[in-house]
Structure formats: C-alpha cells, structure tokens
Amino acid sequence: MIRLSIACLLLAPLAAAQVRVGDVTTIDGVQANRVEGLGLVTGLNGTGDDTITTRQMLSSFYRRQGINVPANQIKAKNAAVVLVSASIPPFVRLGSSIDVSVQSIEEAKSLKGGYLVETVLTEGNVPYVVAGGDLIVGGFSAGGAAANVQQNHPTVAKVPGGGEVVQVIEMQSLGQDGSLRLVLNHGDAENARRIATAINETLGQIAKAEDDKTVAVFVPADRRLRTTDFIADVLAVEFEPTDGGAVVVNERNGVIVAGANVRISQCVIQQGDLTIAVSESPIVSQPAPFSQGQTETVPRTQLTVEEETSAPIDLTGETTVGQLIRALDAVGASPRDQIAVLQQLQAGGFLHAHLIVQ
C-alpha cells in the first residue's frame, strides 16, 4: 500500500515585510457579508451527481440556451449541484473581484476539473455577486470496485477571483465622536502602537492605540463628507508588524502557514497513528448439481487494524514551528496529524502564537 502525504510550510522572512493596515484589521461595527447561491458545475470526468436535481438544473440551463431537453433524458455524470458562497469585504467597490467557495451538496465524488456555470449569489433575495469560473480543488480521490483512497476533500473547491460584485452594501462606520476604530485581527499591543504611528506619519496626527486590540482614528472635519475615500486611505497605510503573530492551518487541504520565528515552549510530543484498512473480496457461490439452487455473489470483507507509535519528539525552549513541522514530517506524521499536534500545543499553552483553523 502506498501512502500519499502532502504538507506545505510557508515561512515568513526573518525581516518583517510591510503589510497594509487593512490586511490585519477590521473596522468596529463593520463586517463582511456572506452571500450564497445554488450553482451547477460542469466538465467533471464521470464524478458528478446524476441525480434528479442535477438533471433538472441542466434541463433549465439548456432551455436558457434555446434547447428543450426533458430532465429524464439527460445524463448528468459530468455535472454536479453545488452550494456557492462568498464573503463580501466591507467597502468593496462595484465590479470588484472576490474569491468564491464551492461545495458539493448531492452525490458527486469529486469536483476536480470542473467549471462553475454563472451563478447569482444573494442575501435576502437581493443579488450581490455573480460567480463563475474554473475550480481549484485541494484534494483527490481514486479507487476501483474493491478499494479506494482519498486525500483531503475533493468535493470542496475555490474559484479565486471568480465572483464579481454587482451590488454594494452601504455601512455606517463612524462613531458619534466622528472617529472610527480599527480592531486588530489578533491582539498585539506592539502592533497596535505601530499601526497608530504609521497612520500618523502618513495622514497626520489622527490615530492612537487604545489597547492591544483597538486603534482609534479621528476623521478630519474636511474629510467627513467623503468618508469612504478616507477609510480607503487609512486601510492602505503600510506598517512593519511584529514577527510571528499567528499560525494558520487549513484542515481541508493540509496547508500550514506560520511565521519563521513562532516559538514553542519546551515539551515532549508522543504521536501515534491508527490505520484501519477495509477491503472487499466477493466470491461467487455455485449451487450443487441438480439442487435447483441459484448462483449468488457472497461478500467477503477483510479488516486490518494497525496501530503505530512513533518515537517521542523532545522540543527545547528554542524550537520554532518550522522545526516542529520538519520533525513531525521526518517521523511520517500526515498533515492532519501535524495540525492536531498544533491544536494540542495551543490548548496546553505551549504555542506562543494565535492558531487560526480554516
């Protein structure tokens, strides 16, 4: 048996790069809006749904193209019904492109190689985004009649930049005192101070750090009639953040992203692995001669359970996340095992960073 394992570790450079204020903060009272819609994916290689819902959607699609094909005459193995969703960032402009998520909701085996047909995403029956384009799938599946293998989630995909904003959402961002408050995604007093300093150096003495999560920005009187442009200027200000504030893991595709100097306190990690293999070997049972019996296929299932225990990993107080991932990879830990270890380290207070699980 061949075991496939894919791990990805992205390390930030030792010298912190300049980042936009808008990339690490949100505006208090302003949030992204989620929109959804029911869509159709085509171009699948026999891994689609072929359910009544899929056939009806294909029939409707054909009618819009001037072709009348009854649903019961359509074969839909190369198509799938999907839930399409997107998050509209605050203050996004009309016509902006945003990322779109796609998830199978019927019986599709994989969305690999699929194309999302133009789909309208709504909130409260109001259309906000039109989505479509080629899918990017972070997993795969393969198999035959008696065995199969799957990596991550092949029925979940993304369309980067596949959504066009066709309706903007008006938001009230200023407080009663004429100020707006930037809320850091991850609390850090030094980063709050650096953000306030960068805004003051760029736009004048208008910002101050209130605490480790909040930076207050006072809008000049001559710019209160065009607050959207002012907010855009604030969010575009660049600053140099402190190094290694977060570790981001994606459970669907096994990707781990961390700063190069994120530290882990001294501890010992014992990582075990439980493998359960199930295989089907049906046999054909023939009746005895002249017994008037019938030939039948009798299922035969073989179940194998193996539990492996790797050697303990001893971490010193100077260990970084990058060193830990390399050590786990060396003992054969899968990406999901690595993510589980990071979650346990955070739960125990050994990981000195904010863990974000997507």
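The model is predicted, so local features are reported only where pLDDT is at least 70 and side-chain atom pairs only at pLDDT 80 or more, whereas totals for chains, interfaces and linings use all residues. Residues are numbered from 1 along each chain as its sequence is written, and side-chain values use heavy atoms, with hydrogens and water left out.

**Overall composition**

The protein chain contains six helices and 27 strands; helices (H or I, at least four residues) and strands (E, at least two) are DSSP runs numbered from the N terminus. Of its 358 residues, 35% are buried, a term that denotes under 20% relative accessible area with a 1.4 Å probe, protein chains only. Contact means heavy atoms within 4.5 Å. Among contacts between residues at least 6 apart in sequence, 71% join residues at least 24 apart.

**The four-stranded sheet**

An open sheet is built from four strands in the order S3-S13-S15-S14, with antiparallel pairing. Its edge strands are S3 and S14 (207–209), each of which pairs on one side only. From one strand to the next, the twist averages 25 degrees. Two strands are taken to pair if DSSP finds at least two bridges between them. In general, strands of a sheet pair through backbone hydrogen bonds, either parallel or antiparallel. The pairings of this sheet are listed below.

| Strand pair | Bridges | Sense |
|---|---|---|
| S3 (residues 25–27) and S13 (residues 179–184) | three bridges | antiparallel |
| S13 and S15 (residues 214–218) | five bridges | antiparallel |
| S14 and S15 | three bridges | antiparallel |

A hairpin of four residues connects S14 to S15. S15 is mostly covered, with four of its five residues buried.

Angles run from 0 to 180 degrees between N-to-C directions, and axes are lines fitted to C-alpha atoms, for helices over the stretch in contact. Helix H3 (residues 189–203) lies across S3, S13, S14 and S15 and runs at about 170 degrees to S14. Helix H4 (residues 227–236) packs on the sheet, where it touches S3, S13 and S15, and its direction makes about 35 degrees with that of S13.

**The H5 and H6 pair**

The axes of helix H5 (residues 321–330) and helix H6 (residues 335–347) come within 10 Å and cross at roughly 135 degrees. The two helices are therefore oblique to each other; angles under 35 degrees count as roughly parallel, over 145 as roughly antiparallel, 65 to 115 as roughly perpendicular and the rest as oblique. Their crossing is right-handed, meaning that the near helix is turned clockwise from the far one by less than a right angle. From H5, the residues Val321, Leu324, Ile325, Leu328 and Asp329 meet Gln338, Val341, Leu342 and Leu345 of H6. The residues of this contact comprise seven nonpolar, one polar and one charged. Here Ala, Val, Leu, Ile, Met, Phe, Trp, Tyr, Cys and Pro count as nonpolar, Asp, Glu, Lys and Arg as charged, and the others, Gly among them, as polar.

Technical notes
Buried < 20%, exposed > 50% of the residue type's maximum accessible area, 1.4 Å probe, protein only.
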